[in-house]
Amino acid sequence: MTGNHTDKNITRRRAIAVTGGTVAAGGLAVAGYQSAFADETTADTEATEATEATAAAASASASSGSGTCVLMSSVTEGPYYLDGALVRKDITEGKSGVPLTLRITVQDTTESCAPVAGAAVEIWHCDAWGYYSGYTTANPGGSAPAESEDGSTADDHTYLRGYQIANANGVVKFKTIFPGWYTPRTCHIHVKVHTGGEKEDGTYEGGKVNHTGQLFFADDAAEEIFALEPYSKHTGSYTELDDDMVYDGGGAASGLLTLEPVHKADPSKGYKGYITLGIDPDAENTGAGSGGGGTPPSGAPSGAPTGTPPSGAPSDSTSPSASASS
């Protein structure tokens, strides 16, 4: 965990770490994470940046279909949002799963696609079994182990949530894991873009939200990932993109990520994801928007959050107002 934020509570998982507990089987080895998330050497930096720039350019072109950026579709923030996420690049906190690095570029659709330097990009998503931090007792649907059984040292109120501040090129990068799924949604990552605020006490304060959206994954990639440990321990009916209640079929403009496998023959090595978010920096988005995608499948989680996070969650958390299926 980075920033100046200090958690004064010793959580269940931090107690495991202090007393010498080991990470449970079913997750990726620490060495695997270090390899997948390792910073590039000086010799590889130029080649890596060139590859990322090419993929980002392809994502931007796909967003518009004409090579120019377009305003991204806004959708509901869903019921699992919490204020106070930390400013940090690596949001995993030891959560097991297939490594995913995200490169997000923020562009101003009102100024010839100029980069929005200083924009704060916030993301949050579920773990490999469909659980969100702050809502670890909400049933993800199907059959999954209890969230407490993953054995990681992650903080139950902060894992898989975080901010990054865009550089001069409007770019942020996150290190996370490929999300799991929960009924009746397809695999996705939530995203907000903020401007006008500043980093304070390890998080981002003030300003306004310009965009609230969701990032999506191609079905073939999700199918490969969900056959692997620890994802395979969550069984049930997975919702594909075309049947999702939020994704509207608009490709990159609707949040569909451009994905690049780290090793084509071995999906367990991880993916790199790219997308360009076109925003209006003068606009404000409340996060109350809805998405298309048709009627959701039956079987919404019976243990979905009711609007009150567990004890110990940030006191200024937003009370969810959307349905549990978002």
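Predicted model: local features only at pLDDT ≥ 70, side-chain atom pairs only at ≥ 80, totals over all residues.
1. Leave aside the neighbours within four places in sequence. H125 is then in contact with I91, Y132, L160, T176, I177, P179, H188 and I189. The residue lies in the loop between β3 (120-124) and β4 (161-165). Is H125 buried or exposed? Its relative accessibility is 1%, so H125 counts as buried. One of its contacts deserves a second look. The side chains of H125 and T176 are joined by a polar contact of 2.7 Å.

2. Step back to the whole protein. There are 4 helices and 9 strands. Read from the N terminus, the elements run α-α-α-β-β-β-β-β-β-β-α-β-β. The protein has 326 residues, and 49% of them count as buried. Now take the contacts between residues at least 6 apart in sequence. Of these, 81% join residues at least 24 apart.

3. Next comes the sheet. Which order do its strands take? The order is β4-β3-β6-β7, in an open sheet of 4 strands with antiparallel pairing. β4 and β7 (203-216) stand at the edges. Each has a single partner strand, so one side of each is left without a neighbour in the sheet. From one strand to the next, the twist averages 25 degrees. As background, strands of a sheet pair through backbone hydrogen bonds, either parallel or antiparallel.

4. Look at β3 on its β4 side. The two strands run antiparallel, and 5 bridges join them. Two positions let you follow the pairing by eye. A120 stands opposite I165 in β4. I123 has G162 as its bridge partner in that strand.

5. Now look at β3 on its β6 side. How many bridges join β3 to β6? There are 5, and this pair also runs antiparallel. Here A120 stands opposite H194 of β6.

6. Why is β3 described as largely enclosed by the rest of the structure? Because 5 of its 5 residues are buried. The cut-off for buried is under 20% relative accessible area. The side chains split into two sets. A120, E122 and W124 point one way from the strand. V121 and I123 point the other way. Both sets are buried.

7. Turn to the aromatic rings. The count comes to 13 aromatic pairs. One of them is W181 with Y238. Their ring centres are 6.2 Å apart, and their planes meet at 70 degrees, so the pair is edge-to-face. W181 lies in the loop between β5 (171-177) and β6 (188-200), while Y238 lies in the loop between α4 and β8. The pair therefore ties together parts that are 57 residues apart in sequence.

8. Compare the surroundings of those two rings. W181 counts as buried, at 3% relative accessibility. Y238 counts as partly exposed, at 23%. Both also belong to a cluster. Ring pairs link F178, W181, F217, F226, Y231, Y238 and Y271.

9. The charged end of K95 sits over the ring of Y159, 4.2 Å from the ring centre. K192 lies over the face of Y81, at 4.9 Å from that ring's centre.

10. Finish in the loop between α4 (219-226) and β8 (258-261), where D242 lies. Is D242 buried or exposed? Its relative accessible area is 70%, so D242 is exposed. D242 and T186 are 56 residues apart in sequence, yet 9.1 Å apart in space, C-alpha to C-alpha.

11. S237 also has its place in the loop between α4 and β8. S237 is exposed, with a relative accessible area of 63%.

Technical notes
Residues numbered from 1 in each chain as written. Heavy atoms only, no water. Buried < 20%, exposed > 50% of the residue type's maximum accessible area, 1.4 Å probe, protein only. Polar contact = N/O pair within 3.5 Å; in protein donor to acceptor, adjacent residues only side chain to side chain. Contact = heavy atoms within 4.5 Å. Pairing = 2+ DSSP bridges. Axes fitted to C-alpha atoms, helices over the stretch in contact; angles between N-to-C directions. Phe/Tyr/Trp six-rings, centres within 6.5 Å; stacked < 30°, edge-to-face > 60°. Lys NZ or Arg CZ within 6 Å of the ring centre and 35° of its normal.
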